[in-house]
Amino acid sequence: VQLVESGGGLVQAGGSLRLSCAASGSTFSINAMGWYRQAPGKQRELVAAITSGGGSTNYADSVKGRFTISRDNAKNTMYLQMNSLKPEDTAVYYCNAVAYYSDYRRYLEVWGQGTLVTVSS
């Protein structure tokens, strides 16, 4: 499984961005997915996660009510709609997927390369 993020960029505070994560390869093996972010000098943190069917989601307290995670399994793509952006949302955003690898007979995490989101004040 390979993951490629897109949609990052520079936006003013209060603005919106929509991130996309396109999956390829053995996409049928993907289970839960999520978005993480890492700001300079800080640890990577979970922003939002979504179950395989999209029926359940959870969010970091800092983004609740502003960000929405979704996925379109027919398109093998996950999204993160980010509204009311704040300067503290500035970070590299990473796509994450939990996929089953039959060669290893276990679930493993897969990461994208990241996309930079910069929110100016």
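Which residues does Leu3 touch, not counting residues up to four places away in sequence? The legends below, all drawn from a predicted model, begin with this residue.

**View 1. Surroundings of Leu3 in the predicted model.** With residues up to four places away in sequence left out, Leu3 touches Cys21, Ala22, Ala23, Met33, Cys95, Asn96, Ala97, Val110, Trp111, Gly112 and Gln113. Leu3 is also listed, together with Met33, Trp35, Leu80, Met82 and Tyr93, among the residues with the most contacts inside the largest nonpolar core.

**View 2. The largest nonpolar core, with 30 residues.** Two or more residues of this core come from each of strand E3 (17-24), E4, strand E5 (45-50), E7, E8, E9 and E11. The element that gives the most is E9, with five residues. In soluble globular proteins, nonpolar side chains tend to be buried together.

**View 3. The open sheet of four strands.** The strands follow the order E1-E3-E8-E7, and their pairing is antiparallel. Because strand E1 (2-6) and strand E7 (67-72) stand at the edges and have a single partner strand each, one side of each is left without a neighbour in the sheet. When direction is ignored, neighbouring strands of this sheet are turned against each other by 15 degrees on average.

**View 4. Pairing of E7 with E8.** Strand E8 (residues 77-82) runs antiparallel to E7, and six bridges join the two. Strands of a sheet pair through backbone hydrogen bonds, either parallel or antiparallel.

**View 5. Strand E9 (residues 91-101) and its pairing with E4.** Strand E4 (residues 30-38) and E9 run antiparallel and are joined by seven bridges, and within E9 the bridge partner of Gly34 is Asn96. Asn96 also stands opposite Trp111 in E10, and both Asn96 and Trp111 are among the residues that Leu3 touches.

**View 6. The hairpin of E9 and E10, and the pairing of E9 with E11.** Over six bridges, E9 pairs in the antiparallel sense with strand E10 (residues 106-111). The hairpin that these strands form has four residues between the strands, and in it Arg105 takes a positive phi near 55 degrees. Strand E11 (residues 115-120) is likewise antiparallel to E9, to which three bridges join it. In this pairing Tyr93 stands opposite Thr115 in E11, and Tyr93 is one of the residues with the most contacts inside the largest nonpolar core.

Technical notes: Residues are numbered from 1 along each chain as its sequence is written. This is a predicted model: local features need pLDDT of at least 70, side-chain atom pairs count only at pLDDT 80 or more; totals for chains, interfaces and linings use all residues. Side-chain values use heavy atoms; hydrogens and water are left out. Two strands pair if DSSP finds at least two bridges between them. Axes are lines fitted to C-alpha atoms, for helices over the stretch in contact, and angles run from 0 to 180 degrees between N-to-C directions. A nonpolar core is a set of buried Ala, Val, Leu, Ile, Met, Phe, Trp, Tyr and Cys residues joined through side-chain atoms within 4.5 Å. Buried means under 20% relative accessible area, exposed over 50%, partly exposed in between (1.4 Å probe, protein chains only). Contact means heavy atoms within 4.5 Å.
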